[in-house]
Amino acid sequence: MEILVCVKRVPDTSENEIGVNSAGTDIDRDDLVYSVNEWDNYAVEEAIQIVDRVGGKVTVVAVGDSESEEVLRREMAMGANDGLLLSDDSFGGSDGKGIATILKAAVKKGNYDLVLTGAQADAGAGQVGGMLAAMLDQPYASLVNSIEIINDKTLKVGREIEGGNQEMNEIQMPCVLSIQTGINEPRYVGIRGIRKVASVEIPVLGALDLGVSSGSVGSAGAKVKVQDYFVPQLGKGAEILEGSTEEIIDKLIELLKVKGGLK
Amino acid sequence: MNFDLTTEQKMIRREVRKFAENEIAPVALELDEKEEFSAELTRKMGEIGLFGMFVSEEYDGQALDYISYIIAVEEVARIDGSQAATIAAGNSLGIGPINYFGTKEQKKKYLPQLCRGEKLWGFGLTEPTAGSDAGGSKTTAVKEGKEWVINGSKIFITNAACELTLGVTVQAITGRRANGKPEYTCFLVEKDTPGFKAVPMHKKMMWRASNTAELYFDNVRVPEENILGKVGDGFHQMLQTLDGGRLSIGAMGLGGAQGAFDLALKYAKSREQFGQPISKFQAIGFKLADCAVEIECARNLLYKACWLRNEKRSFEKEAAMAKLYCSELMGRVANHAVQIHGGYGLMKEYNVERFYRDQKLLDIGEGTSEVQRIVISRYIGC
């Protein structure tokens with residue numbers, strides 16, 4: 001099975017204290033440590049496991065500047081076979097539709113049975129997977145938390161539903177799935193894997209190579225633009241418990257009892 | 001001059017850090033408290049390639065350069081000294097001598113299991129009467145027919161008495177040289193050899209989750225093919241092994257210093273007194289600034305020693321300097337880290353007290369700070 005997994009380089013929330021920049025347009029990106037988007041990492045692990053079971057190849061693709069190469073290399077060290085970087089000055093400032101447009105062009109250049117994305121990335125919009133599927137005119141399932149291969153045309157996928165419910169679907173390939181965390185346990189990247197890929201050349205495709213017109217992507221093509229970025233004021237409905245850990249736990253238990261959450 | 005790490009070295013730092021934060025950090029406190037060696041964690045460290053780092057792929061090693069190895073030890077030590085000790089001793093003392101001095105047969109027999117982290121190997125050098133003075137050792141090996149008979153004991157031997165231990169390298173006196181000094185030879189002794197006993201040592205102040213043993217040899221018979229290298233090579237093998245070991249102890253000091261510093265900085269930025277984070281007070285900010293400067297110096301010194309070794313140039317003086325400086329640096333930084341944490345710093349759950357305890361070994365093991373100063377003073381012509 002030929003699988004393409006779309007990955008994004010995002011600020012690592014475990015390594016950084018994230019704050020809003022002084023202009024109020026974005027987070028403060030000075031001195032941030034970046035890593036692969038957590039959802040995407042689950043998607044890559046799932047792809048590797050599928051290929052381990054039925055054979056085939058996993059390709060990881062990222063849209064971004066040259067620094068995005070590091071997340072591709074990392075996912076290749078984890079076990080993806082190939083990497084592909086989609087990079088062009090005109091791609092900067094793309095909205096979700098712009099990113100999907102660029103990815104669609106890359107998908108069209110290959111012959112993939114399955115395209116995986118993370119359910120969402122750092123911006124939290126969660127739109128690329130669905131838009132990409134629509135542009136490719138392929139079926140799509142979101143928030144996928146299990147994949148079973150029925151035959152070379154059909155998958156059975158589980159979806160996480162609001163309220164803790166679960167849904168099982170059959171879906172025809174080629175298709176696009178957005179992957180939820182918890183679908184598997186991503187492996188650690190071992191030193192041997194790192195050695196294998198440390199000096200591998202990762203191909204880079206630009207707007208011309210992909211046949212993407214620069215007006216349709218990047219800030220020029222973006223129809224959704226961030227206007228303001230801030231930490232919201234605490235509302236009246238929220239109560240922040242304060243004190244030592246023990247005191248907070250006691251207050252929380254008391255509150256849960258009062259509200260009927262604990263008996 | 002190029003201070004950039006390679007892509008490979010940068011990736012190793014990130015991925016080992018991630019592993020250490022996710023797998024070691026959650027259990028470090030408990031293992032320390034119970035004084036428990038974890039075979040499960042050791043195997044996991046083996047799975048990601050933390051053993052056999054400088055051994056060729058032919059024996060299931062990772063075939064890394066020395067800086068990469070040191071970065072890996074540093075990142076584990078940033079989280080926990082005990083696990084870093086298991087790795088540093090496993091690589092430098094367990095695997096190292098077999099890799100550098102062993103015959104093809106010995107390497108084939110032992111290295112793959114050791115490099116995969118499935119088994120561990122000890123290096124028996126220190127004796128109750130022979131610490132800094134190797135001349136005080138009493139363990140002997142006498143040739144009888146085609147066998148050698150070993151008698152004596154060793155103490156403070158890492159990785160030598162746990163469920164993963166496969167055997168030990170033991171240095172023994174095998175005769176007298178023309179100048180009257182003892183002739184030393186190293187032997188490989190498998191753990192089930194009759195007459196060999198390895199007893200775990202407990203009630204340690206530091207490295208409580210690493211395995212430390214006393215070894216007893218009571219008429220232990222090994223065949224000739226268990227000699228490491230040649231008869232009489234033991235002393236030079238020991239010196240060379242310790243030169244390499246100094247770099248990994250240096251990495252433990254540097255990593256431990258970085259770990260204690262990171263905890264102290266984080267705490268100082270979040271702890272408020274007199275209406276502001278304590279990091280804003282000069283008394284605390286200057287302490288942290290001094291730590292940052294010293295850590296930077298230590299890293300440059302240690303990496304330079306590793307670079308010299310990679311380039312196959314003489315690195316012994318720089319290795320002694322790095323071992324001494326990084327070890328003592330961690331003492332200063334851990335001390336500041338506890339002080340910055342105030343009362344909480346004395347509590348186990350804040351972790352800095354473990355760094356404070358774990359550091360003390362670094363001044364003592366694999367050549368005390370005093371011995372390093374002797375070595376350095378000789379190199380500079382005193």
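# Exercises on a two-chain model

About 1,100 Å² is buried between domain 2 of chain B and domain 3 of chain B, and carbon and sulfur atoms give 67% of that area. Keep in mind that this is a predicted model. Let's work through it.

## Exercise 1: two domains of chain B

Task: Describe how domain 2 of chain B meets domain 3 of chain B.

Solution. 
- Step 1. Look at who touches whom. Domain 2 of chain B brings 14 residues to the contact, and domain 3 of chain B brings 14 residues.
- Step 2. Sort the residues. The side of domain 2 that touches domain 3 of chain B has eight nonpolar, three polar and three charged residues.

## Exercise 2: chain B against chain A

Task: Work out what each chain gives to the contact between chain B and chain A.

Solution. 
- Step 1. Count residues. Chain B puts in 23 residues and chain A puts in 19 residues.
- Step 2. Chain B and chain A bury about 1,800 Å² between them, with 53% from carbon and sulfur atoms.
- Step 3. B:Met11, B:Arg14 and B:Glu15 supply 33% of the area that chain B buries against chain A, more than any other three residues.
- Step 4. Look for charge pairs. Five salt bridges are counted between chain B and chain A. In one of these, the side chains of B:Lys269 and A:Glu17 meet at 3.8 Å, N to O.
- Step 5. Turn to polar contacts. Eleven residue pairs (both at pLDDT 80 or more) make them across this interface.
- Step 6. Find the main element. On the side of chain B that touches chain A, helix H1 (residues 7-34) of chain B gives the most, with twelve residues.
- Step 7. Sort that side of chain B by type: eight nonpolar, five polar and ten charged residues.

## Exercise 3: a glutamate in a helix

Task: Is B:Glu75 buried or exposed, and which side chain does B:Glu75 join in a polar contact of 2.8 Å?

Solution. 
- Step 1. Locate B:Glu75: this residue belongs to helix H3 (residues 66-77) of chain B.
- Step 2. Apply the cut-off. B:Glu75 has 1% relative accessibility and buried means under 20%, so B:Glu75 is buried.
- Step 3. List the residues B:Glu75 touches, leaving out those up to four places away in sequence: B:Arg13, B:Val16, B:Arg17 and B:Ala20.
- Step 4. Name the partner. The side chains of B:Glu75 and B:Arg17 make the 2.8 Å polar contact.

## Exercise 4: a serine in a loop

Task: Where does B:Ser137 lie, and which residues does B:Ser137 touch?

Solution. 
- Step 1. Locate B:Ser137: look in the loop between strand E1 (120-124) and strand E2 (140-144) of chain B.
- Step 2. With a relative accessible area of 8%, B:Ser137 is buried.
- Step 3. Not counting residues up to four places away in sequence, B:Ser137 touches B:Glu127, B:Ala130, B:Ile173 and B:Tyr184.
- Step 4. Finish with the polar contact: the side chains of B:Ser137 and B:Tyr184 are joined at 3.3 Å.

Terms used. Residues are numbered from 1 along each chain as its sequence is written. Chains are lettered from A and ligands numbered from 1 in the order in which they are written. This is a predicted model: local features need pLDDT of at least 70, side-chain atom pairs count only at pLDDT 80 or more; totals for chains, interfaces and linings use all residues. Side-chain values use heavy atoms; hydrogens and water are left out. Contact means heavy atoms within 4.5 Å. Buried area is the accessible area (1.4 Å probe) that two parts lose on being put together, summed over both. A salt bridge is a side-chain nitrogen of Lys or Arg within 4 Å of a carboxyl oxygen of Asp or Glu. A polar contact is a pair of N or O atoms within 3.5 Å; within protein, one must be able to donate a hydrogen and the other to accept it, and residues adjacent in sequence count only if both atoms are side-chain atoms. Helices (H or I, at least four residues) and strands (E, at least two) are DSSP runs, numbered from the N terminus. Ala, Val, Leu, Ile, Met, Phe, Trp, Tyr, Cys and Pro count as nonpolar, Asp, Glu, Lys and Arg as charged, and the others, Gly among them, as polar. Buried means under 20% relative accessible area, exposed over 50%, partly exposed in between (1.4 Å probe, protein chains only).
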